[in-house]
Amino acid sequence: MPELPEVETIRRGLNSRIVGRRIEQVYGLGGRLVRNNPGGIEQVSSALAGASILGVERRGKFMWWVLDGPADSFVVHLGMSGQVRTTTPDGDVPRPPARHEHLRLLLDNGELISFVDPRMFGQLTVSDLSRDASGRMVPTAVHHIAPDPLELESDEQVTVLARLLHGKDRSVKTMLLDQGLVSGIGNIYADEGLFLAGLHGERAGSKVPVKVLREVLDGCRVVMEQAVEVGGTSFDALYVDVEGNPGYFERQLHVYGREGAACRVCGTEIQRLTVQGRSHFFCPACQRRPRNPRKSRKQN
DNA sequence: AATGGTTCCTGGACGC
DNA sequence: TGCGTCCAGGAACCAT
């Protein structure tokens, strides 16, 4: 499932291959993934055809291509099963669409870029760029997404965010997954970051000292940086990079997906429960569960 | 206004 | 072996 490290891996893979290239042909293969563009796939196709690619950027799980063309940017979100694949065509005749292939671009060097997404949670959007609250030029369609942990460059910025989380009564896990508060963190890295900080995800933000919330945010950043080093986490076959290779972070996970296995730190059995409709994996010894979770969600 | 719940979608895991 | 059922996930949307 692509979270920040997986999207960053794909962004890097694309960056070295497509920047400076021009989009020659657009094959809109149904275009069911187009969002927020009333004109649908036709709007996307006409914005991309002939455009030059100036850069590939990312915030959280959103990636966008900066364009010199009718639109400023092409925004890509991979949902939970999206893939961006690059291939060189075998000949002049375009291959038939692959299963679950939704869009295909032909670049001026003959390379093909395909957008594949079996579960259809991905998003494709063309958008203009504008300055957001942080001063960065970001697609307008991405303005509602908060900066991610890798964008927080100073301790001061981390503290400001930790104070924001401390001011709310929601569970910390829920807030880590709220892309409007901090972006890029999905279920895997939220659980891993909480483990590193020794905090149980059911704790309410208001009950957790700002110092500990900072440790959680730092934990998420550290674990995501480590994951980027090895190309992300391929929990199942759904995530691969632009060349089709999996990531290798799964073997370093401490809690996610390890229910019943021994904690790598203390040996206690990892447990799982449901928080806000999502699995939360934790070590009951390293992350003490609050006596009175804000809401008991396992009843009924 | 803030926040919890529901929905979208389909491959894969699981049970009989 | 083959069928049906359930679940996972991110983010938009709805309900309260």
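Me: How do the residues of the surface near DNA strand B divide by class?
Reply: This is a predicted model, in which local features need pLDDT of at least 70 and side-chain atom pairs pLDDT 80 or more, while totals for chains, interfaces and linings use all residues. Residues are numbered from 1 along each chain as its sequence is written, with chains lettered from A and ligands numbered from 1 in written order. By class (Ala, Val, Leu, Ile, Met, Phe, Trp, Tyr, Cys and Pro nonpolar; Asp, Glu, Lys and Arg charged; the others, Gly among them, polar), the division is three nonpolar, three polar and four charged.

Me: Which strands stand at the edges of the open sheet of four strands?
Reply: The order is β2-β3-β4-β8, with antiparallel pairing (strands are DSSP E runs of at least two residues; a pair needs at least two bridges). Seven bridges join β2 to β3 (residues 62-68), and Arg58 stands opposite Met63 in β3. Two strands have a single partner each, so one side of each lacks a neighbour in the sheet: β2 (52-59) and β8 (123-127).
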